[in-house]
Amino acid sequence: MPDIPEHSLLPKMRLDELISELHIRLESALSTRDRVHSLLEAVLSIGSDLDLATVLRRLTEAAATLVDARYAGLGVLDDEGNFAEFIPVGLTSEQSAGIHVFPLGAGILSVPTRDRAALRLRDVSEHPEFHGMPPGHPQMRSFLGVPIQVRDEVFGNLYLAEKSNDGEFDEEDESIVTALATAAGVAIENARLYEETRLRERWLAASTEITTRLLSGADSGEVLGYLAQQSREMSDADVAIVLLPDSRDRDLVAEFADGPVADQVIGTTIGMSDTKCGWVYRNGEPATVSDLRRANCPMLTHRGFGPGLLVPIGTPDHTRGVLLLGKMSARSPFNEATRRMIDSFSAQAAVALELAEARRDAERLVVLEERDRIAKDLHDVVIQRLFASAMTLMSTVRLIGDAEAVDRVQRTIDDLDETIREIRSTVFALQLPSQPQHTSLRDRILSASESAARSLGCQPGVRLEGSIDTSVPEDVGEQLLAVLGEALSNVARHADASEVHVSVQADERLTLQVDDNGRGIPRNGRRSGLRNLDERAVSLGGEFSTEAPPAGGTALRWSVPLHGGRDGDGDEDENGHVPT
């Protein structure tokens, strides 16, 4: 084969070099095209959702994919420049569990925020503001941090670490991530506006619901429970607790709660002194707590809660309690927007409570005024006429010669006296403020008598006279109820009665009388129950007796002194009639 001259090979070598260079440039162009295409896809993916949490997660994952980074993270800044939230990507579940404290945004992580420019490092440990990795954190060398700006505000920072194949991030990686962060700013702004609008709508709906419930007559306890539920859901908290002061105003008691541990915390207390909850209650100002374990909040600290939000319930001049919101320790703190929203929600709910209570007080005042008017009419008109009629009949008795007619008139006079006593008892009841069922002695006597109807086989008649609810001390009232219960029980077990009458009178003495038409007390029967009633009377300086009326049955009388005396309204005249 003949030799080929050397000068004839030069064109072919140059052609190969040109083809190789063209191939490299084509590959670079194709690679750039693919990365640009991936960037556009990432931007479209990020902007296709209005949920802020989804947008941030997609942004972090897209950045890691575009630059081949093993780890990525996005730190959302709060008003003080610290991380309100941190979203990690690339960590295994074991690695996440091993990191007890996520970054707070200090040191090298704050550089992109401060400089408002990207930071690219071959080895992160060489930077003067690098302070090392927290315990359990995987080791990282290559680093790229890019600020995310929404309008003129730095929303947060996007961090990439550990480029694949132990490489380092280059200018093209920086340009790609910067472009992605710039495009993401628009999507984040839209998601934030949507999130704020959605929360505001929910807040308005919840506030309207609370106002509607209160003005419809719902109990304040039911409304406070609803307040806890809605606050927890709106703030994305793990627990919400409504703390109300105790009767001594020394401790705050968890009265209502919502969340997985609600049943475990209800009824627990927090002291007002030297606690953050007490400070919020006393000053009427909200507070954010980075770690509830340092806020002396024993009901949550041992259950793994960290970030907390404390909001006063009430108006500036009248704090009713404290709303406590808590998140688990690994979660991000409550941001300022959430604090403002919950504070406004709580304040509006408190105003609704105040208005509802004012309306109930006004309605109660109308009822009391009407009761007072009726009581005055009964006392000044009805009783006066009845008393005048009784006096007229008494003077007429002397003019009647027939004994049977005299007896009938006398019975009519006695009936009028009885009617006057019953009306006076009603007047006493009308003049007293309305009391809860469990605190009114008069109502408790009626309730005890009604409860015994089933065992007695008949409905006992009840007559109440005098200022039973005002002149009877609480301990004497408890003794009276015990005696009444035992007396009715004895009638039900032994008397076989078809009629039972209960009479309670309060003047200078408190007297209980229980009459029945049963078979009476046997002479040789057991007396242990009656002895107990006698001992109760003696312990209060009173007396106890039982009699067998001529018509049959038993008359039980239990009487003790009332040391407070009385006001003279129930005095009788020499004829046994109650004057007016």
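**Strand pairing and helix packing**

Mentor: In this predicted model, G308 has G326 in β11 as its bridge partner.

Trainee: Over how many bridges do β10 and β11 pair, and in which sense?

Mentor: Strand β10 and strand β11, the latter spanning residues 318-328, are joined by nine bridges in the antiparallel sense.

Trainee: What about β9 and β10: how many bridges there?

Mentor: Three bridges link β10 to β9, which covers residues 287-289, and this pairing is antiparallel.

Trainee: Is β10 mostly covered or mostly open?

Mentor: Strand β10, residues 305-315, is mostly covered, with ten of its eleven residues buried.

Trainee: Changing topic to the helices: at what angle do α12 and α15 pack?

Mentor: Helix α12 (residues 441-451) and helix α15 (residues 474-495) pack at about 15 degrees, and their axes lie 10 Å apart.

Trainee: Roughly parallel or roughly antiparallel, then, and why?

Mentor: Angles under 35 degrees count as roughly parallel, and α12 and α15 are therefore roughly parallel to each other.

Trainee: And is the crossing left-handed or right-handed?

Mentor: The crossing in which α12 passes α15 is right-handed.

Trainee: Which residues meet there?

Mentor: From α12, the contact involves L441, R444, I445, A448 and S449; from α15, it involves G477, E478, L480, L481, L484 and L488.

Trainee: How many of those are nonpolar, polar and charged?

Mentor: The contact of α12 with α15 comprises seven nonpolar residues, two polar ones and two charged ones.

Technical notes:
Residues are numbered from 1 along each chain as its sequence is written. This is a predicted model: local features need pLDDT of at least 70, side-chain atom pairs count only at pLDDT 80 or more; totals for chains, interfaces and linings use all residues. Side-chain values use heavy atoms; hydrogens and water are left out. Axes are lines fitted to C-alpha atoms, for helices over the stretch in contact, and angles run from 0 to 180 degrees between N-to-C directions. Helices (H or I, at least four residues) and strands (E, at least two) are DSSP runs, numbered from the N terminus. Angles under 35 degrees count as roughly parallel, over 145 as roughly antiparallel, 65 to 115 as roughly perpendicular and the rest as oblique. A crossing is left-handed if the near helix is turned anticlockwise from the far one by less than a right angle, and right-handed if clockwise. Contact means heavy atoms within 4.5 Å. Ala, Val, Leu, Ile, Met, Phe, Trp, Tyr, Cys and Pro count as nonpolar, Asp, Glu, Lys and Arg as charged, and the others, Gly among them, as polar. Buried means under 20% relative accessible area, exposed over 50%, partly exposed in between (1.4 Å probe, protein chains only). Two strands pair if DSSP finds at least two bridges between them.
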